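Here is a short tour for someone meeting this structure for the first time. Take a look at the sequence and the model, then read on.

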Amino acid sequence: KPGEPATASWDTPFGRGRPGWHLECSAMATRYLGPAFDIHGGGLDLRFPHHENEQAQSHAAGDAFAQYWMHSAWVTQGGTKMSKSLGNGLLVEEVLRENEAAVLRLALAGVHYRSMIEWTSQTLVDAAATWERFSSFVHRDAERSGVLTTEEVRTAALPEAAVSAFDDDLNVSAALAVAHEQLREGNSALAAGRADQARSAAIAVRGILDVLGLDPASEQWETAVDDRSSAALAGLVDLQLAERAEARAARDFGRSDQIRDRLASVGIQVEDSATGARWSLADSVLNSTGGA
């Protein structure tokens, strides 16, 4: 077609042309995954004709191609599929400005892959509440009985019901139902002081969530919490320093000293310089700069 790069076409007995979309995907899959591989994914709207063409031409070439085909349903808004062409999609980077990455993952991964997700303003609210319940229980158990390592969690046997759910065409919804059941039992055990039962429930909850990359106590999400805490601390200190700068500008040095002393009482050291006030954690390196 006019405007297409010359390097993307070849001379043939029928004229100059290029492979169609279906053949391109067979060629790429074979190039990078080999003539036989485990799983081919894609949206359910690609099953016909795209995936059926891929499979037919790859088999005709003598390749085993994909062993399993997993066709995922859509994320919809108002019953309409999200797509670039319709302009109704959501950018992940925009969603993450106001939501935890774990919450977004839970919202998207918490249903069966062949089930539609109707995205509304409540979707992330519900996912955030669920994530908080899981996280709160896991951390309260750790406070009571000590921190479990990721290795301890991953080597422990999952509840049989959860294993059966995952084995049943990756039925994540059913597996998460088992996690919620363990969560209820664990909370009851903590309230009753039954530490051993709470610990068993915590291992089960963490193990099930770990399959989805959502273990609340994993280093990945613990680091994310630490990052948010650091950002919040910096913001609060900068607000205090801005208030102190206003007091100094008004020559209210008593108020200025009071703010400095209050910060010092919680381990925040303030140092005045020609470029403004700087702060650091006591006995630590400089963390941020604030207003003059």
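Does arginine 278 count as buried, partly exposed or exposed? Arginine 278 counts as partly exposed, because its relative accessibility is 31% (buried is under 20% relative accessible area, exposed is over 50% and partly exposed lies in between, with a 1.4 Å probe and protein chains only).

## Ground rules

This is a predicted model, where local features need pLDDT of at least 70 and side-chain atom pairs count only at pLDDT 80 or more, while totals for chains, interfaces and linings use all residues. Residues are numbered from 1 along each chain as its sequence is written, and side-chain values use heavy atoms, with hydrogens and water left out.

Arginine 278 sits in strand 9, residues 276-281 (helices are DSSP runs of H or I with at least four residues, strands are runs of E with at least two, and both are numbered from the N terminus).

Histidine 51 belongs to helix 2, residues 47-60. With a relative accessible area of 4%, histidine 51 is buried. Leaving aside neighbours within four places in sequence, its contacts include His40, Leu46, Trp69 and His71 (contact means heavy atoms within 4.5 Å).

## Where two helices cross

Now for helix 5 (residues 123-145) and helix 8 (residues 172-192): their axes come within 10 Å and cross at roughly 40 degrees. Axes here are lines fitted to C-alpha atoms, for helices over the stretch in contact, and angles run from 0 to 180 degrees between N-to-C directions. Helix 5 and helix 8 are therefore oblique to each other (under 35 degrees is roughly parallel, over 145 roughly antiparallel, 65 to 115 roughly perpendicular and the rest oblique).

## The nonpolar cores

The largest nonpolar core has 35 residues, and among those touching the most other members are Trp119, Trp131 and Phe137. A nonpolar core is a set of buried Ala, Val, Leu, Ile, Met, Phe, Trp, Tyr and Cys residues joined through side-chain atoms within 4.5 Å. Helix 8 gives the largest share of this core, eight residues.

Tryptophan 119 is in contact with Val75, Met82 and Leu124, among others, leaving aside its neighbours within four places in sequence. A second, separate core of nine residues includes Leu241, Ile259, Val270 and Ala277.
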